Amino acid sequence: MPTDILLTAWTALLHRHGTTDDPEPYGRELLRRWSEPQRRYHTVEHLHAVLRHVDGLAGHAADPDAVRLAAWFHDAVYRPDRTENEERSAALAVRALTAAGLPAERVAEVERLVLLTVTHDPAPGDRNGEVLCDADLAVLGGTPREYAAYAAAVRAEYGFVPEPDFRAGRAAVLRQLLALPALYRTPTARERFTAAARANLTAELETL
């Protein structure tokens, strides 16, 4: 589990933007949140993967560090039995980054980006949003084995939901993703992930 790597990255990220506090304690609090027992997919490993993909797509972003901050917070509040996780995560980002002394403009951009993960449908030209959404959805474009592990982890997070209800809800999510004008918006992610992601999503939908 790459917690030391992540904590170092978090600390450097906050220092780059003039935090007025020692960022390490809050970094540990974020990692504690990402390690909560109800998580099976939205874990520290997912955070690490999203940050890695953000780094790979950073050249497309208008403000790569705002995207990195949004990645840290985008699922920081996660309860699978609730529907307002993104809103609560965005509010947490505002409180934490304001307390850390970051400029209001950057805090507002992080809030906007976290909320964008409700739909994963950034407006044309929203380069920061395109990078965050592509990084978050990169898992869909993995190998069939990787995708199967992701789908199983999602099902485990929703273990409290009866099978018929889960199948109906999951099918709706898959159809929503397949109906997006484009699954990926950055040229790099589009070329790398689109074909595999559509195949994976379609194959899962056929099993439901």
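Predicted model: local features only at pLDDT ≥ 70, side-chain atom pairs only at ≥ 80, totals over all residues.
Biologist: How many helices and how many strands does the secondary structure of the chain come to?

Modeller: Read along the sequence, the chain follows the pattern α-α-α-α-α-α-α-α-α-α. The secondary structure accordingly comes to 10 helices and 0 strands.

Biologist: What radius of gyration does the chain have, against that of a compact globule with 208 residues?

Modeller: Along its principal axes, the C-alpha trace spans about 50 × 35 × 25 Å. A compact globule with 208 residues would have a radius of gyration near 17 Å, and the value computed for the chain agrees with this, being 17 Å.

Biologist: What share of the contacts with a separation of 6 or more comes from residues 24 or more positions apart?

Modeller: Contact here means heavy atoms within 4.5 Å. Among the contacts of the chain with a separation of 6 or more, the share that residues 24 or more positions apart account for is 67%.

Biologist: Which tyrosines does Leu-140 touch, not counting residues up to four places away in sequence?

Modeller: Not counting residues up to four places away in sequence, Leu-140 touches Leu-177, Leu-183, Ala-196, Ala-197, Asn-200 and Leu-201, together with Tyr-147, Tyr-150 and Tyr-184.

Biologist: Is Arg-185 buried or exposed?

Modeller: Arg-185 lies in the loop between helix H9 (163–179) and helix H10 (187–207). Leaving aside neighbours within four places in sequence, Arg-185 is in contact with His-120, Asp-121, Pro-122, Glu-130, Asp-134 and Arg-190. Buried means under 20% relative accessible area. Because the relative accessible area of Arg-185 is 13%, this residue is buried.

Biologist: Which residues is Val-154 in contact with, leaving aside its neighbours within four places in sequence?

Modeller: Val-154 belongs to helix H8 (residues 144–157), and at 8% relative accessibility Val-154 counts as buried. Leaving aside its neighbours within four places in sequence, Val-154 is in contact with Tyr-41, Phe-166 and Arg-170.

Biologist: How far apart in space are Val-154 and Leu-132, C-alpha to C-alpha?

Modeller: In sequence, Val-154 and Leu-132 are 22 residues apart. In space, taken C-alpha to C-alpha, the distance between Val-154 and Leu-132 is 20 Å.

Conventions
Residues numbered from 1 in each chain as written. Heavy atoms only, no water. Helix = DSSP H or I, 4+ residues; strand = E, 2+ residues; numbered from the N terminus. Rg over C-alpha atoms; globule rule 2.2 N^0.38 Å. Buried < 20%, exposed > 50% of the residue type's maximum accessible area, 1.4 Å probe, protein only.
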